[in-house]
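Please consult the sequence and structure shown here while reading.

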Amino acid sequence: MIDLHSHSTFSDGSESPGRVIELAKAAGLDAIALTDHDTLEGLSEARARAVELDIELLNGCEVSCDFEDRVLHVLCYFISDGSGPLQDELILLRGDRERRNHLMIERLSKLGLPITEQEVTDKAEGKGIGRPHMAAVLKDHGAVRDINDAFERFLGKGRPGYVKKSRVTIEEIIDKTSRSGGVCSIAHPYSLDLIAHELDRQVDRWAAIGLVGLESYYGRYSPELRTNLVQMARRHGLVPTGGSDYHGDYKPDLAIGTGTGDLLVPSEVLDELRERVAR
Ligand code: AMP
Ligand code: ZN
Ligand code: FE
Ligand code: FE
């Protein structure tokens, strides 16, 4: 069993990279990918702990791409250490994120909500700030019931505190990831809210430009949806990847490895992914 989707304090997870590795080991996983938003910087700490605990760690990250009027999350795996085209793009994306965060906090405080730049930075422990950190600050002040409530009322797309980040296209990310030694998989494909045949058509297009995986075993999807996605992946010659999308306290219903309890990503998926990297 493996888990190819997890977040640490280097983006919007509540646990350090080292702790994520410990949890993966405790869950009995053969391998784990750390896939923080827009950054590979948690990987060195994760790597050190993975070596100590003897568990395989994949270099990974999750990037938000523009897709029509929506946001498409793309997981990147097996990125080479050091610099490269994807790494350069991630630096730009982190700059966009900082600008967006600043504007959102300004808007929220203008709306009369109790939130300051300092509090959000503290909440994120100085690393990659995201909307979940803003949500946690609002919750601490009792301005919202929980993280979800914060998104529904203020932080989600179209809500009064929301500001869009400038994003890249999936075409660019597939190209840059491949030139950085890695491969891409579409994260939680049903987030796109496409009807089945439209999703199928898009996946077909992306497969033609070098997409390698489709996240099929996803922490929050029912067994039936997972099966549908595995079949979709197979139809397009893609690897059905999978993971919990663990965020610690920010998504308290999701555990490393097992998701909401019944997730099981077969280790063979990783063998297939490795084969595709070697090609
Ligand atoms: P950001 O990268 O700052 O735009 O924030 C994205 C993060 O917010 C991801 O971890 C999402 O899973 C999380 N997120 C987005 N919408 C919601 C929601 N409605 N409830 C809880 N978390 C959300
Ligand atoms: Zn996240
Ligand atoms: Fe995501
Ligand atoms: Fe994620």
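How many Å apart are the iron ion (ligand 3) and the zinc ion (ligand 2)? The two ions are 5.8 Å apart.

## Basis of the model

This is a predicted model, in which local features need pLDDT of at least 70, side-chain atom pairs count only at pLDDT 80 or more, and totals for chains, interfaces and linings use all residues. Residues are numbered from 1 along each chain as its sequence is written, chains are lettered from A and ligands numbered from 1 in the order in which they are written, and side-chain values use heavy atoms, with hydrogens and water left out.

## The iron site

Glu62 (OE), His73 (ND1) and His188 (NE2) coordinate the iron ion (ligand 3) at 2.1 to 2.2 Å. Donors are N, O and S atoms within 2.8 Å of the metal (3.2 Å for Na, K and Ca); water is not among the atoms, so sites may look incomplete. Along the sequence, the donor residues of this iron ion have the spacing E-x10-H-x114-H. Histidine 73 belongs to strand β4 (residues 70–77) and histidine 188 to the loop between β6 (183–186) and α8 (196–208), so the pair ties together parts that are 115 residues apart in sequence. Helices (H or I, at least four residues) and strands (E, at least two) are DSSP runs, numbered from the N terminus.

Histidine 73 and histidine 188 are both buried. Buried means under 20% relative accessible area, exposed over 50%, and partly exposed in between (1.4 Å probe, protein chains only).

## The zinc site

The zinc ion (ligand 2) is coordinated at 2.0 to 2.5 Å by Asp12, through two OD entries, together with His37 (NE2) and His247 (NE2). Its donors follow the spacing D-x24-H-x209-H along the chain. Aspartate 12, in the loop between β1 (2–3) and α1 (17–26), and histidine 247, in the loop between β8 and α10 (268–278), are 235 residues apart and link distant parts of the chain.

Aspartate 12 is buried, with a relative accessible area of 8%. Histidine 247 also counts as buried, at 1% relative accessibility.

Strand β7 (residues 213–218) is mostly covered, with six of its six residues buried. β7 pairs with β6 in the parallel sense over two bridges; two strands pair if DSSP finds at least two bridges between them. Isoleucine 186 stands opposite leucine 214 in β7. From β6 the chain crosses through α8 to β7, and this β-α-β crossover is right-handed, meaning that, with the strands pointing away from the viewer, the path from the first strand over the helix to the second runs clockwise.

β7 also pairs with strand β8 (residues 239–243) in the parallel sense, over five bridges. Threonine 241 in β8 is the bridge partner of glutamate 215. The chain crosses from β7 through helix α9 (residues 223–235) to β8, again in a right-handed β-α-β crossover.

Arginine 205 is placed in helix α8. Arginine 205 is partly exposed, with a relative accessible area of 40%.
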